[in-house]
Amino acid sequence: MLSQALLRLASAVSRRRMKLLLGIALLAYVASVWGNLVNMRSLQENGDLRIESKIEEIVEPLREKIRDLEKSFTQKYPPVKFLSEKDRKRILITGGAGFVGSHLTDKLMMDGHEVTVVDNFFTGRKRNVEHWIGHENFELINHDVVEPLYIEVDQIYHLASPASPPNYMYNPIKTLKTNTIGTLNMLGLAKRVGARLLLASTSEVYGDPEVHPQTEDYWGHVNPVGPRACYDEGKRVAETMCYAYMKQEGVEVRVARIFNTFGPRMHMNDGRVVSNFILQALQGEPLTVYGSGSQTRAFQYVSDLVNGLVALMNSNVSSPVNLGNPEEHTILEFAQLIKNLVGSGSEIQFLSEAQDDPQKRKPDIKKAKLMLGWEPVVPLEEGLNKAIHYFRKELEYQANNQYIPKPKPARIKKGRTRHN
Ligand SMILES: NC(=O)c1ccc[n+]([C@@H]2O[C@H](COP(=O)([O-])OP(=O)(O)OC[C@H]3O[C@@H](n4cnc5c(N)ncnc54)[C@H](O)[C@@H]3O)[C@@H](O)[C@H]2O)c1
């Protein structure tokens with residue numbers, strides 16, 4: 001009896017212990033499963049984070065590209081007026097990627113016209129008009145005016161021609177072809193489509209003038225076989241062609257005799273007096289004056305010229321018109337003024353007088369005042385400050401190794417820079 005009772009007690013105790021042991025084992029199992037689960041989750045979270053950051057690394061440059069693309073699609077152009085179909089003209093500017101042409105492009109675009117620029121980029125640069133590329137009113141064509149051009153336009157501003165001595169002397173035959181065959185091609189186009197053509201002629205048609213200041217009825221004093229003849233005579237015959245087309249074919253022509261012009265986007269290192277002096281002053285080099293510096297020049301700011309060109313194009317004046325600033329200064333005065341405006345410590349260096357350097361050059365602009373109501377309005381110092389700012393920036397680009405095309409040197413062996 002006793003032994004049975006003891007056996008029952010022992011089995012009851014061992015069952016309870018068993019249950020206890022089983023309970024403990026179960027708890028341990030649940031704890032370990034829980035621990036594993038927690039571990040797995042944190043591993044997964046770490047993995048997720050790593051994957052996310054990898055994706056981010058790949059996606060961010062793509063987002064950057066999309067932002068750039070969006071920016072280029074929504075490129076902000078300078079403000080453009082809206083012109084009705086009746087007032088909006090289709091305008092061709094040959095040489096429109098050059099110094100004067102690009103400023104003319106800006107004006108005509110902002111006035112609301114449709115502008116086609118044709119340029120062979122001999123001295124012009126895409127950069128001068130890049131702010132219009134993609135605009136619905138703008139088109140840029142890489143074309144040499146020596147080849148015919150077929151295009152529908154209402155007005156033609158014919159500016160294509162190298163303009164500074166090193167550039168037009170580099171290839172005198174090409175300069176002649178551009179001013180003769182190129183002008184014939186543009187006049188032929190004007191005749192075909194009934195467009196009005198404005199020729200960008202030059203004060204150089206007066207040569208080394210015996211009349212001062214030069215009026216439009218002065219026939220000039222040009223050496224037909226000198227080193228500058230390719231340009232001077234090229235422009236003279238271009239004027240002759242305009243009037244032949246007017247008389248024989250009834251083409252409407254305008255002839256602007258442009259005097260020295262300066263401003264932003266003019267070529268660096270092309271040997272003209274303003275660019276020479278500004279660059280020399282900015283770089284702390286001596287300002288080189290040929291001769292005594294008592295020769296006089298008159299310079300107009302480019303926006304004045306552009307306003308004059310547009311006024312002439314839209315006027316009834318078919319005879320030649322001088323466009324220039326009659327404010328005359330000696331070369332020495334220019335050198336000193338530019339030196340002061342730049343705040344440069346450069347000295348002024350006198351070199352021997354250059355061959356064929358005109359002593360005086362000053363336009364008579366009575367005709368433009370009377371018939372176009374035009375005269376220059378930009379004060380010399382204001383214009384010079386804008387040009388200085390532009391050249392300073394260009395020198396900075398150069399210092400950062402950004403490309404600035406330089407004009408090719410003249411092929412002639414003799415001859416020195418003159419004050420142009
Ligand atoms: N800037 C002045 O002081 C001045 C003075 C008098 C006359 N001009 C006349 O004004 C016009 C513009 O002068 P700029 O100072 O702007 O000179 P520029 O050299 O900056 O511009 C002339 C443009 O014509 C282009 N061009 C040259 N030959 C060409 C060809 N065969 N086909 C197509 N394009 C050609 C050049 O690439 C350049 O873009 C020229 O006709 C020049 O004779 C200028």
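Figure 1. A nitrogen atom of the ligand lies 3.0 Å from a polar backbone atom of V145, a polar contact being a pair of N or O atoms within 3.5 Å. Oxygen atoms of the ligand are placed 2.6 Å from an N or O atom in the side chain of T123 and 2.8 Å from one in the side chain of K235. The protein buries 98% of the 820 Å² that the ligand exposes when taken alone (Shrake-Rupley method, 1.4 Å probe). The model is predicted, with local features needing pLDDT of at least 70 and side-chain atom pairs pLDDT 80 or more, while totals for chains, interfaces and linings use all residues. Residues are numbered from 1 along each chain as its sequence is written, and side-chain values use heavy atoms, without hydrogens and water.

**Figure 2. Shell around the ligand.** The ligand is surrounded by 31 residues (a heavy atom within 4 Å), the closest being V100, D119, T123, Y231 and K235. By class, 14 are nonpolar, 13 polar and 4 charged (charged: Asp, Glu, Lys and Arg; nonpolar: Ala, Val, Leu, Ile, Met, Phe, Trp, Tyr, Cys and Pro; polar: the others, including Gly). β5 gives the most to this shell, with 3 residues (DSSP runs: helices, H or I, at least four residues; strands, E, at least two).

**Figure 3. Lining of the largest pocket.** This pocket is lined by 44 residues, of which L159, S161, P162, A163 and R272 lie nearest its centre (an open set of 1 Å grid points where a 1.4 Å probe fits, with protein on both sides within 12 Å along at least five of seven lines; lining atoms within 4 Å of a point). The largest share of the lining, 4 residues, comes from α3.

Methods:
A polar contact is a pair of N or O atoms within 3.5 Å; within protein, one must be able to donate a hydrogen and the other to accept it, and residues adjacent in sequence count only if both atoms are side-chain atoms.
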